[in-house]
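Colleague: I have a model open on my screen and would like to learn how to read it. Could you take me through it step by step?

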Amino acid sequence: MVFDKNHNRLSSEDLFRKFHIDIPLLIAFLILFSISLIAIYSASNSDINAVINQSLRIGFSLGAMILIAQMSPLNYERIAPWLYSLCFLLLGVVLIFGETRNGATRWLNIGIGFQPSELMKIGMPLMVARYIARESLPPSNISIAIAVMLVILPTYLIYLEPDLGTSLLVAFSGLIVIFLSGIKKRYLFIAFTLFLTSLPLIWPLINEFQRKRVLTFLDPEKDPLGAGYHIIQSKIAIGSGGLFGKGWLNGSQGQLDFLPERTTDFIFSILAEEFGLIGIAIIICIYLFIVGRGILIAINSQDLFSRLIAASISLTFFIYVFVNISMTIGLLPVVGVPLPLISRGGTSMVTLMILLGMLMSVGTHKRLVSK
Amino acid sequence: MVFKSIITQKEDQNIFLNRILFSSLLILLLASIIFIRLIFLQIYDSDQYKLRSLNNTIRMQSIPPSRGLIFDRNNDILAENRPVFQLEMIPEQVQQIDKILDQLGRLNLINKNKISELTERIEKSYQFKSITLNTKLSEKQIAIFANNRNIFKGIDIKSRLVRYYPKADMFSHALGYVGSISSKDYLRFDSSIYTGKEQIGKTSIERDYETTLHGYPGKEKLLVNVRGRVMDRLDTEPFQPGNNLILTLDSHLQEIAYNAMQGKKGAVVGIDPTNGEVLIFISTPSYDPNKISQGMSISEYKAFQNNKNKPLFNRAIAGQYPPGSTIKPMLALGGLDMGYINPDNFIPCEGHYLLPNYSRPFNDWARHGSVNTVRAIQASCDVYFYELAVDMGIEKMSSFLSKFNLGKKTLIDLGSEKKGIIPNREWKKNNFKSKQNQSWYQGETVITGIGQGYMLATPLQLAMATAMIANRGSAFRPHLVRAIENIKTGELTYTSTEEINNLQHIKQEHWDIIHQGMVAVVNERRGTAYGIFQPNVSVAGKTGSSQVFSIDKSSTKEIPEELKDHGLFIGFAPLEKPKIALTIIVENGGGGRVSAAPVAEKIMQAILNSERQDGV
């Protein structure tokens, strides 16, 4: 056999294709993971153990992603109802038998703390996509109504935990599928106005703690040492970073502990303080690249189910990024959404990587389908 | 799977692409919002946030200045700052606090009885801030700690500067003492130059020269974290130490006087008549100011305050005593000046004096026979001065004595000085409530003639009056601080003094007569201090006894201690060009001859000895 350079290159590309890995996406993930390790080292006051732990989580999540990517989208479509039903059941169980931490009942103790709501982030888009994809677009009114119910029920259970942030994100991942399926604009308009007009009615129903968060968001300076503290310190960190940042490990807000929860929800503020606008502009561009690549995969995929889940995953991913960043810069209330792929955290990262694994699966299995 | 035709798939794709396009535009919109917001935060408002970030982390901390030193006139150090070692613990660095405290207690490094109190304090405070376990470690305790240092991780010895007075109780009433700042002190001084950590002058020179001694605090720019822990020192502006004081006091004389006063209650004040410099300033019993400055428990301090001998009471400037016979030379001078007495006239003294309309006679302490002015001073004849007092009348007496600065403050450079009393009709009217008591009686004039009755003077006032006698009329305001040494330039600023001379009109021959009387007190037979001093010593003086309680003189032996007369002595030396004007008061010491004059003798001898040495 003759091994020329050209042949060699092709064969390595083939290798990736064989393992169903989308190289541009993988590179983007690896860059973000590297940024994650750099940021966590800084945010944990140079604690190398925090970096090692995060590396292990990254390794595990990458493994999960590659594993998931090996399965054909057909398999996901097949398991969707089962997964959804299991999640739904567990959400019920968690409300009765769940473990309560900090006033929220989110965890099931099965050796490790496990949040069924995390699993629902996967179950929801799969289930709604499978339901919508069983007929041609646009879906009938009955289908839409049922799909909406599929979204609302688990969302409500998660909301009861209470976990407003996750419930909204889970709802979004389902609703985006309905939206993409071509629901009539009229309905969208009605739903939107209904939502706005019902806000004053919902307001007294949501609990004290969440109401306070929203009020704090509207005027953080009212209680600068209490409820407004997080957002004020975050804005100081970001604003003081300026264009070029204070340099790695030199951000006073982070290094001197003024910024709370800086390895998780507020890691973006650390990056903004130490690397400035230029640094975070690059990070945001990488996120946009991932979203764009995901949308491209959705457009290029051959069947409706694949298309819907690829688009749903990409758009949900963007919403995670958007919500987290908006919360640190005071555009949205603090809802406790981590920055995808960068924030420290086990479960949320594994969940996200499983979703991204599905995206890769859709991207790399389409040719098999077309054959 | 449900089978779908190619056509429906195309249709699906169109709807889907539509929505994807819409979503993509929405994504770009949201991303733009984030970018705009970031541009506002990080570029447009960045300076404002940079400032807030600095305000978060920068703390200014002041460093207390080191207090100025105090020297005597010969540069002997009287007050300095010494490090005191204390035991401190940083709780977060200690693993088993209870066990460690127990061990420290067993080694006697901390007070065992205060362990529970300490535990409570540790629990309440920041875990990274050091807590003082023992404010004063002895040399032995330091050694014990050093030997066991390896067991005590997180515990260390720290030093701080504490005022130290090497001469202990010898100078305490002149120097005063320092203590930690109380809320009252903040009202007295400019709080902006106090850090709250330094000691502040509480009495005497330490208090009255506080601004000079204190200096200005330094500043440290600290980087702190959210819990206030100091992470880094960014900038330090050193403190400016307080200026030094050079006093007029003479340690050598002070020591002689202080030793002579051992076991006696009273005061000694010696002034240089040529410039008002206070050479000796003693009030006994005294106290060790080091004990107070190094921290004293409240009970210890209370015990001090309640001591019946009042060691904290500054008798030299605040003790007011009837001057007794020590005013006789001054009254005689007034009598001579105003022509009430002729120095050559002898009058008889039968040991008592009778006033018309008074049934009881005014007794003399002895029968002096025939006395003239010199003899009357020399032997301290009361009858002579009873008569003079009646002739002069109270108004003339009081106005003449006022010229010796009696009855008013000397304006020495110390606060809390008392002004004494020179009584007259108006004074009595103003100071008594009932009409009956407001009128002046002639009997009161009589006893004022021998410095009894209402008349009161401080030892300092008498010393200043003595200086006027020594100087033949002129005197200077007394002062304790000779110069202030600017710590930066080393420049000395001397205290300027004001000369007072109310007695310029007195004829020299009249001064001669009372000087002659005062020399005779010391150097001639029948002089009240004769035999106490060496023969023919160059000293002039006058003894005095002031009655604490009016009792029959015959039963002296049974008088309890606290009712005994106060003994006084005023004097100056040497006769030519006097170098010191001295006043000694011994409370309840009996007569001036037995209690005060021997103290004077020791001081005068030292002065004359040094004079002789200088002459050689």
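Modeller: Happy to. First a term: helices and strands here are DSSP runs, a helix having at least four residues and a strand at least two, and they are numbered from the N terminus. Keep in mind as well that this is a predicted model.

Colleague: How many helices and strands does chain B come to, then?

Modeller: Chain B has 24 helices and 23 strands. Its radius of gyration is 37 Å, well over the 25 Å that the globule rule gives for 616 residues, so chain B is more spread out than a compact globule. The C-alpha trace of chain B spans about 155 × 60 × 55 Å along its principal axes, and buried residues make up 40% of the chain.

Colleague: And what does the radius of gyration say about chain A?

Modeller: Chain A comes to 14 helices and three strands. Its radius of gyration of 21 Å is close to the 21 Å from the globule rule for 371 residues, so chain A is as compact as a globular protein of that length. Its C-alpha trace spans about 65 × 60 × 45 Å, and 48% of its residues are buried.

Colleague: Which domains does chain A have?

Modeller: The domain assignment gives domain 1, made of 25-70 + 207-371, and domain 2, made of 79-206. Their C-alpha centres lie 22 Å apart. Where they meet, 22 residues of domain 1 of chain A are in contact with 21 residues of domain 2 of chain A. On the domain 1 side, helix 9 (208-218), helix 13 (304-328) and helix 14 (347-370) of chain A each give two or more residues. Helix 13 of chain A gives the most, with 11 residues. By class, that side has 13 nonpolar, eight polar and one charged residues.

Colleague: Now the two chains together. Which element gives the largest share of the side of chain A that touches chain B?

Modeller: Overall, 40 residues of chain A are in contact with 33 residues of chain B. Helices 7 (164-180), 10 (229-241), 11 (252-255), 12 (267-300) and 13 of chain A each give two or more residues to that side. Helix 12 of chain A has the largest share, 10 residues. The classes on this side are 26 nonpolar, 10 polar and four charged residues.

Colleague: Last one: which residues touch the most other members in the largest nonpolar core?

Modeller: In soluble globular proteins, nonpolar side chains tend to be buried together. Here the largest core has 116 residues, and Ala257(B), Val269(B), Leu480(B) and Ile584(B) touch the most other members. Helix 21 (residues 459-470) of chain B supplies the largest share of this core, nine residues. Apart from it lies another core, of 108 residues, which includes Ile40(A), Ile295(A), Phe318(A) and Ile27(B). For a close look, pick Ile584(B): among the residues it touches are Gly266(B), Val268(B), Leu568(B) and Phe569(B).

Technical notes: Residues are numbered from 1 along each chain as its sequence is written. Chains are lettered from A and ligands numbered from 1 in the order in which they are written. This is a predicted model: local features need pLDDT of at least 70, side-chain atom pairs count only at pLDDT 80 or more; totals for chains, interfaces and linings use all residues. Domain bounds come from an automatic or database domain assignment. Two residues are in contact if their C-beta atoms, placed from the backbone, lie within 7 Å. Ala, Val, Leu, Ile, Met, Phe, Trp, Tyr, Cys and Pro count as nonpolar, Asp, Glu, Lys and Arg as charged, and the others, Gly among them, as polar. A nonpolar core is a set of buried Ala, Val, Leu, Ile, Met, Phe, Trp, Tyr and Cys residues joined through C-beta atoms within 7 Å. A residue is buried if 20 or more other C-beta atoms lie within 10 Å of its own, exposed if 12 or fewer, and partly exposed in between; C-beta atoms are placed from the backbone. The radius of gyration is taken over C-alpha atoms; the globule rule is 2.2 Å times the number of residues to the power 0.38. Lists of a residue's contacts leave out its neighbours within four places in sequence.
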